[in-house]
Amino acid sequence: MLDIFDQLRKEIEEAVIDTKEAVEDFRVSYLGRKNGRLKALSEKMRDIDVADRPVFGKNINALKDLVNNRLDQAQQLLRSSGSKKGKTIDLTLPGRKPDLGSLHPLTQTAEEIQGIFTAYGFTIAEGPEIEDDWHNFTSLNFPEDHPARDMQDTFFLREKSVDIDAAVLRTHTSPVQIRVMKSSQPPIRVIAPGRVYRNETITFKSYCVFHQVEGLYVDEGVSLADLKQILHMFARAMFGEDVKTRFRPSFFPFTEPSAEFDVWMPNKDLPAGGRWLEILGCGMVDPNVLEAVGIDSERYTGYAFGMGVERIAMLRYGIKDLRIFYENDVRFLEQF
Amino acid sequence: MNLSYNWLKDYVDHQLQPEELSDLLTMSGLEVEGVEVIGNSMEGVVVGHVLSVSRHPNADRLSCCVVDVAGEEPLPIVCGAPNVAAGQRVPVATVGTRLMLPGRENPDEKVEVKIKKSKIRGEESRGMICAEDELGLSDNHDGIMVLDGEAKIGQAFSSYLEERSLSFQDHVIDVSITPNRPDAISHIGASRDVAAIVNTPLLYPEVDVPNSGGDAQSLIDVEIEAPEACRRYAAMVVQGITVKESPAWLKQRLTAIGLRPRNNMVDITNYVMYECGQPLHAFDYDQIAGKKIIVRFNKGGEKFTTLDSKERELPDNTLMICDGDRPVALAGIMGGENSEVTDQTVNVLIESAYFDPSTIRKTAKALSLQTDASYRFERGVDSNGQVWAAARAAALMAELGGGTIVSGVQDEHPSPITPPVVAVRHKRIETIVGRKIDAEEVVRLLSSIGFKVEDKGGSYTCAVPSFRPDVEREIDVIEEVARLSGYHNIPEPAHTVVPSLTPRVNPELVLRRQVKTLLLGLGFRETYTNSMLRKEVAETFNVPVLTGGEGDVVETLKPISQEMAALRPSLLPGLLSVIGYNQNRGQRSLRLMEFGKVFQAGMDSNAFVPGYKEHTSLILCMCGPLEQVHWSSSVKSVTFHDLKGVVEALLQNLCGDAVEMKPVYDETPVTAYHLALEVKGTPVGVIAAVSESQQKAYSLRDPVYVAELNWGALLPHLKSPISIMFSEFSRFPVVERDLAIQIDQSQAVGDLMQDMERAGGKLLKHIHVFDVYEGEQVETGKKSIAFGLRFGAGRTLKDKEVDRSVESIVKSLNKNFGAELRK
């Protein structure tokens with residue numbers, strides 16, 4: 001009996017099946033319902049001893065598997081050599097392409113900015129978007145009733161029963177710096193990315209929400225020169241090695257001296273060949289701010305800077321209207 | 001604020017071109033936002049003599065003139081001005097001259113025109129007799145400009161103007177003034193910085209500053225009832241003036257900086273304000289009842305008509321200037337109509353005062369009325385500049401209005417401000433700025449902007465000038481040194497010193513990025529939606545099924561638009577808007593995700609600001625076709641289970657099987673049905689089909705499925721990437737069995753699977769459902785479910801053990817659910 005199986009196995013293994021027709025013949029010859037050789041073999045089962053039947057059945061099944069394996073292989077081979085032996089597969093039909101998603105350009109820009117600063121030893125800190133007046137203004141040296149508060153059109157929140165300081169939607173991520181400084185001592189080297197709010201009319205260049213990345217470094221002996229250096233490094237990383245920058249005096253309540261940082265944006269259409277664009281505000285942390293959070297302003301000095309992610313993204317991608325970031329048109333999103 | 005380049009030259013001999021000057025201003029902290037050239041170059045414009053004027057034969061309004069410009073021959077010129085007459089000296093733009101002429105449609109927009117030899121209605125014309133506006137000298141277009149008799153025929157018009165100190169071209173420099181620089185809101189103020197940087201003296205106009213008292217004292221009495229709000233009130237009187245049009249030079253200066261000239265008296269007050277920064281007011285002296293000025297707070301609710309003829313209701317505690325009978329001015333903001341200078345005015349009372357910044361600020365804000373005066377008072381004017389400014393104005397009034405200055409000044413000075421004296425350490429300057437700087441340079445720079453500096457060797461005492469109210473501390477003085485010595489001169493160190501802090505990554509940020517990356521690969525696009533929305537919308541979506549907790553909607557105060565009246569309690573309304581927006585633009589297959597803060601009022605022990613809850617939420621939305629149309633298969637629409645699968649995969653990746661999903665078949669206002677996600681009884685999110693009513697409200701075409709996860713609540717249960725440990729897996733083969741059963745149609749399969757897991761014991765590793773069938777092949781009211789079971793262990797399994805496990809599963813399903821095996 002074993003001989004039959006061995007012989008069949010040999011035949012099956014050696015059969016040449018390299019055309020569509022040969023494959024079909026092979027299939028019919030072994031598995032065919034009427035005259036298949038394995039069918040015939042299993043019919044013989046009745047004739048053999050009951051005790052031998054399990055082994056017999058197992059052998060038949062093994063042969064069946066072998067036939068099926070050969071058929072699969074042969075069919076695959078035929079498919080992959082389709083061009084040679086008649087076109088059973090069209091390789092030029094479009095592939096089955098899964099849809100990929102996309103990250104919002106503001107996420108990508110913020111990550112790029114964060115990446116540059118984390119490479120320089122800054123860690124990322126976050127904080128709440130609803131803040132109290134102290135963290136958003138008072139601790140940051142905004143005097144009560146001062147024109148400086150005009151620079152921030154603030155959303156105040158309708159008070160709900162509790163007697164607390166006026167709650168506001170943070171107008172900048174500086175309160176995160178305050179929270180970090182309150183909870184740790186120098187050296188402090190953090191960046192604070194996040195969403196901020198201004199009660200402003202929506203136009204092509206302003207929106208009621210936007211995103212900032214702010215940076216803070218407080219340590220012994222930190223100077224304006226250090227600030228200028230890190231910002232220049234940032235500009236090179238963001239806008240290219242030969243970027244032209246300008247560091248000029250300005251005013252913010254929480255820094256003294258304060259500065260603004262501009263980059264030169266070449267534009268052939270302008271008579272000057274380009275123009276300066278402000279990309280961030282910065283300065284040395286005002287001693288009043290350090291004292292407000294319990295840091296010795298005689299021993300420590302620090303710098304802080306803050307930039308708008310939208311603004312950088314607009315420069316980076318050549319976007320003219322800020323509102324498009326919040327429209328979420330798929331035709332916009334899929335470009336990034 | 002606008003500065004005139006020509007005007008600035010009065011105070012500083014800087015020798016800089018306009019562009020260089022703007023760069024210098026910007027680098028000194030007075031940021032120049034733009035420079036505009038006004039006026040014409042006058043090239044080609046000469047003085048002509050009108051020899052004859054005759055009527056144009058073909059046009060009533062035109063005249064044919066013959067004009068001598070000392071050329072080869074007199075020029076024929078057709079002129080449309082009614083005032084042209086023989087004998088006049090006039091400016092003539094000769095052929096070839098380029099002029100910036102007011103546009104036909106919009107006179108404010110200038111268009112360049114080249115003067116050509118032409119025929120106007122048949123008459124030859126070789127030039128143009130010009131009006132002031134055509135030469136860019138003013139907005140006047142009443143007629144051609146008639147020059148004085150001294151003008152030399154043929155003389156270049158530019159030299160005619162120069163001889164009369166009239167400028168014909170100017171650069172208007174638009175400077176943005178930061179709140180710390182009230183001293184710079186004037187031409188002298190800006191010049192002070194320029195003079196310090198180019199190291200040249202600041203040139204003050206010569207003014208005869210009167211002493212307190214004199215005849216003025218008998219003409220006007222000043223009573224200050226609110227000394228904390230009005231620190232100083234100086235009054236001078238000029239008598240016998242004539243109110244008339246200002247001379248050209250004055251009008252030109254005011255026009256250049258964007259002010260409209262009115263009459264000589266008002267123009268002078270404006271001129272002096274833009275010169276030195278002190279706002280002035282000119283009263284008609286004869287309208288001041290009782291020769292008396294009283295400065296006091298008025299009660300709210302009163303009505304007062306300002307000189308712009310508007311009746312205004314005064315807010316509480318308005319600081320008013322009153323005469324013996326009535327209010328005559330809103331202190332520091334605007335004068336009253338009842339006492340303003342008119343054509344009939346003969347005697348003028350000049351007010352030059354110091355008003356408290358916050359008082360003026362409050363009133364201006366309450367009235368929504370910001371004026372040039374209030375702008376300056378709010379920021380703080382020179383507390384010692386009142387008498388100088390009054391005297392300067394009085395001198396100009398006497399000069400341009402033909403009056404006489406009453407001697408002396410009524411100078412009420414009840415609470416003088418003493419500017420501080422600040423000690424500054426040289427070393428501290430160098431520490432902050434980060435560069436070496438010479439002591440002499442420090443002294444020179446500070447002195448040149450009005451500080452009285454004493455070098456004490458290693459430190460300085462600096463007496464702050466009265467016009468720098470912002471300077472109080474050492475650091476403020478250091479800033480002055482830093483900006484005047486030039487930020488561009490600060491060297492950048494070659495090395496970066498980084499403190500030796502332990503590098504730490506915030507695991508939450510890593511996880512958030514991981515989720516975004518996974519979703520990105522699953523085809524989700526990230527959106528950024530507004531955190532603010534209409535209050536009604538916020539309230540509709542403020543339901544526990546989405547928010548997981550109770551609490552009111554958080555409202556904003558005085559939002560600019562009702563679209564910003566409340567904070568989102570859920571990301572869903574924002575995303576539904578986005579889906580609607582995109583569906584309307586032909587995008588049907590949408591997979592969107594967003595991470596963002598959501599808000600509710602209420603107490604939360606973790607809240608940063610008591611009374612307000614906020615947490616990060618993650619939303620996923622799917623709708624439309626499941627995939628792109630492809631030749632290999634037909635396209636299916638997204639189903640609830642497609643999104644459920646995404647969430648399952650995501651949660652599997654993040655936290656294994658910590659999350660339980662509880663089915664809820666009841667409708668809510670925003671969901672048709674949903675799975676409530678929980679970890680140990682704490683809600684962490686929802687997977688839902690959006691309710692029909694919201695589908696309608698947002699006009700959505702395809703059913704939308706949404707999952708919103710409370711990222712904050714989920715976070716403690718997530719596997720931090722740094723906590724992952726390898727666990728040994730079984731290397732022995734697994735055994736697969738299929739099992740088809742028949743159960744009641746209403747029976748939830750999830751319950752069966754839980755039962756199977758329990759009954760299958762340790763060997764059962766995995767169950768999947770590969771078929772659900774209802775129809776002819778099964779009994780009515782029943783359905784058939786086919787499960788694939790996988791068994792495994794740390795060894796080779798015996799058939800018998802697997803059989804036993806399958807048997808116990810079948811038995812349990814039959815007992816608990818009446819399930820029968822299908823044959």
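# Notebook: salt bridges, sheet and interface

**Salt bridges within chain B**

I started with a pair in chain B: B:Asp148 and B:Arg164 form a salt bridge, with 2.7 Å between the closest N and O atoms. The model is a predicted one. I looked up where the two partners sit. B:Asp148 is in the loop between β11 (128–129) and α3 (157–163) of chain B. B:Arg164 is in the loop between α3 and β12 (169–176). The two residues are 16 residues apart, and the pair links distant parts of the chain. I then checked accessibility. B:Asp148 is partly exposed, at 30% relative accessibility. B:Arg164 is partly exposed too, at 25%.

Next I took B:Arg392 and B:Glu275. Their side chains meet in a salt bridge at 2.6 Å, N to O. B:Arg392 belongs to helix α10 (residues 386–401) and B:Glu275 to helix α7 (residues 264–276), both of chain B, so this pair ties together parts 117 residues apart in sequence. Are these two buried or exposed? Both B:Arg392 and B:Glu275 are buried.

B:Lys436 is exposed, at 67% relative accessible area. B:Glu430 has 14%, and because buried means under 20%, it counts as buried. I also noted a network in which salt bridges share partners. Its members are B:Arg181, B:Asp183, B:Asp193, B:Arg468, B:Asp470, B:Glu480 and B:Arg483. Searching the whole structure, I get 60 salt bridges over all chains.

**A sheet in chain B**

I moved on to an open sheet of five strands in chain B. Its order is β13-β16-β19-β20-β21, and the pairing is mixed. Why do β13 (221–224) and β21 (334–335) count as edges? Each has a single partner strand, so one side of each is left without a neighbour in the sheet. Inside the order I looked at β19 (residues 318–322) and β20 (residues 327–330). They pair in the antiparallel sense over three bridges. B:Cys322 stands opposite B:Pro327 in β20(B).

**The interface of chains A and B**

How many residues of each chain take part? I have 96 residues of chain B in contact with 92 of chain A. The buried area is about 8,100 Å², and carbon and sulfur atoms give 55% of that. B:Tyr487, B:Arg525 and B:Tyr528 supply 10% of the area that chain B buries against chain A, more than any other three residues.

For polar links, I list 46 residue pairs in polar contact across the interface. Helix α14 (residues 507–521) of chain B gives the largest share of the side that touches chain A, at seven residues. By class, that side has 40 nonpolar, 26 polar and 30 charged residues. Six salt bridges cross the interface. One of them joins A:Arg248 to B:Glu31, with the closest N and O atoms 3.3 Å apart.

Strand β3 (residues 156–157) of chain A and strand β30 (residues 556–557) of chain B run antiparallel, joined by two bridges. A:Phe156 stands opposite B:Leu557.

**B:Asn582**

B:Asn582 counts as buried, at 0% relative accessibility. A polar atom of its side chain lies 2.8 Å from the backbone nitrogen of A:Val330. Beyond neighbours within four places in sequence, B:Asn582 is in contact with A:Asn328, A:Asp329, A:Val330, B:Gln587 and B:Leu590.

How values were computed. Residues numbered from 1 in each chain as written. Chains lettered and ligands numbered in written order. Predicted model: local features only at pLDDT ≥ 70, side-chain atom pairs only at ≥ 80, totals over all residues. Heavy atoms only, no water. Contact = heavy atoms within 4.5 Å. Buried area = accessible area lost by both parts, 1.4 Å probe. Salt bridge = Lys/Arg side-chain N within 4 Å of Asp/Glu carboxyl O. Polar contact = N/O pair within 3.5 Å; in protein donor to acceptor, adjacent residues only side chain to side chain. Helix = DSSP H or I, 4+ residues; strand = E, 2+ residues; numbered from the N terminus. Nonpolar A, V, L, I, M, F, W, Y, C, P; charged D, E, K, R; others polar. Pairing = 2+ DSSP bridges. Buried < 20%, exposed > 50% of the residue type's maximum accessible area, 1.4 Å probe, protein only.
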